[in-house]
Amino acid sequence: MPVGCVVLGPAGDLLARRHNEREAGADPTAHAEILALRDAASALGSWRLTGCTLVVTLEPCPMCAGALLAGRVATVVFGADDPKAGACGSLYNLCVDPRLNHEVDVTHGVRADEAAALLEQFFAARRRPAADTGAAG
């Protein structure tokens, strides 16, 4: 899966690592960020992820940005911008909206070309007919 996510604790320790599971679980909320935040909260024994950093290949959507805010995550780092659904600067900027009760520091564009290429290759392969992939049909 091209959309992968890790959550690092305040000391930089790995708390969670997940990827998107929407298709596998038939769950519209099974984004990598949501799953990783759940695992990190479980590992810490608290919903407050104060001081934690979430790192993800693709800019979080509004649902995931809302979860970052709700969990009091300190920082989000992502690679590729998402001009169609990004909520950390591309389409919306929920993480730094001063009207909300918390703000999340945003670092974007980390290894952006590599992340974008990974996403493009993955989805191009999914769109390719079975005959082109060598799969039996």
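Reader: What does His102 touch, leaving aside residues up to four places away in sequence?

Author: In this predicted model, His102 touches Leu68, Leu69, Arg72, Val73 and Cys95. Contact here means heavy atoms within 4.5 Å. His102 itself lies in the loop between β4 and β5 (105-108).

Reader: Why is His102 called buried?

Author: The cut-off for buried is under 20% relative accessible area. His102 has 18% relative accessibility, so His102 counts as buried.

Reader: What makes the pair of Val73 and His102 a polar contact?

Author: A polar contact needs a pair of N or O atoms within 3.5 Å. The backbone oxygen of Val73 lies 2.9 Å from a polar atom of the His102 side chain, so the pair falls within that limit.

Reader: Why is Arg72 called partly exposed?

Author: Arg72 has a relative accessible area of 26%. Buried requires under 20% and exposed over 50%, so a value in between is called partly exposed. Arg72 sits in the loop between α3 and β4, just after α3.

Reader: What is to be noted about the phi of Arg72?

Author: Phi of Arg72 is near 60°, a positive value in a residue other than glycine. Most residues other than glycine have a negative phi. Ala26 is another case: its phi is positive, about 50°, although Ala26 is not a glycine.

Reader: Where is Ala26, and what makes it exposed?

Author: Ala26 lies in the loop between α1 (22-25) and α2. Its relative accessible area is 70%, and exposed means over 50%, so Ala26 is exposed.

Reader: How do you know that the buried residues of α3 share a side?

Author: In α3 (residues 62-70), the buried residues are Cys64, Ala65, Leu68 and Leu69. They cover an arc of only 145° around the axis, which puts them on the same side of α3. An α-helix has 3.6 residues a turn, so residues three or four places apart point the same way. The buried residues of α3 pack against α2 (32-44), β3 (53-58) and β4 (75-80).

Reader: Which sense does the pairing of β1 with β3 take, and over how many bridges?

Author: β1 and β3 pair in the antiparallel sense over four bridges. In β3, Val56 stands opposite Cys5.

Reader: Which side chains of β1 are buried?

Author: Along β1 (residues 4-8) the side chains alternate.

Reader: What makes a set of residues a nonpolar core, and how many residues has the largest one here?

Author: Its members are buried nonpolar residues joined through side-chain atoms within 4.5 Å. The largest core has 28 residues, and those with the most contacts inside it include Val7, Leu37 and Leu68. The helix α2 gives the most to this core, with five residues. Leu37 touches Val7, Leu49, Leu54, Ala67, Leu68 and Val73, not counting residues up to four places away in sequence.

Definitions and conventions:
Residues are numbered from 1 along each chain as its sequence is written. This is a predicted model: local features need pLDDT of at least 70, side-chain atom pairs count only at pLDDT 80 or more; totals for chains, interfaces and linings use all residues. Side-chain values use heavy atoms; hydrogens and water are left out. Buried means under 20% relative accessible area, exposed over 50%, partly exposed in between (1.4 Å probe, protein chains only). Helices (H or I, at least four residues) and strands (E, at least two) are DSSP runs, numbered from the N terminus. The arc is that of the directions from the helix axis to the C-beta atoms. Two strands pair if DSSP finds at least two bridges between them. A polar contact is a pair of N or O atoms within 3.5 Å; within protein, one must be able to donate a hydrogen and the other to accept it, and residues adjacent in sequence count only if both atoms are side-chain atoms.
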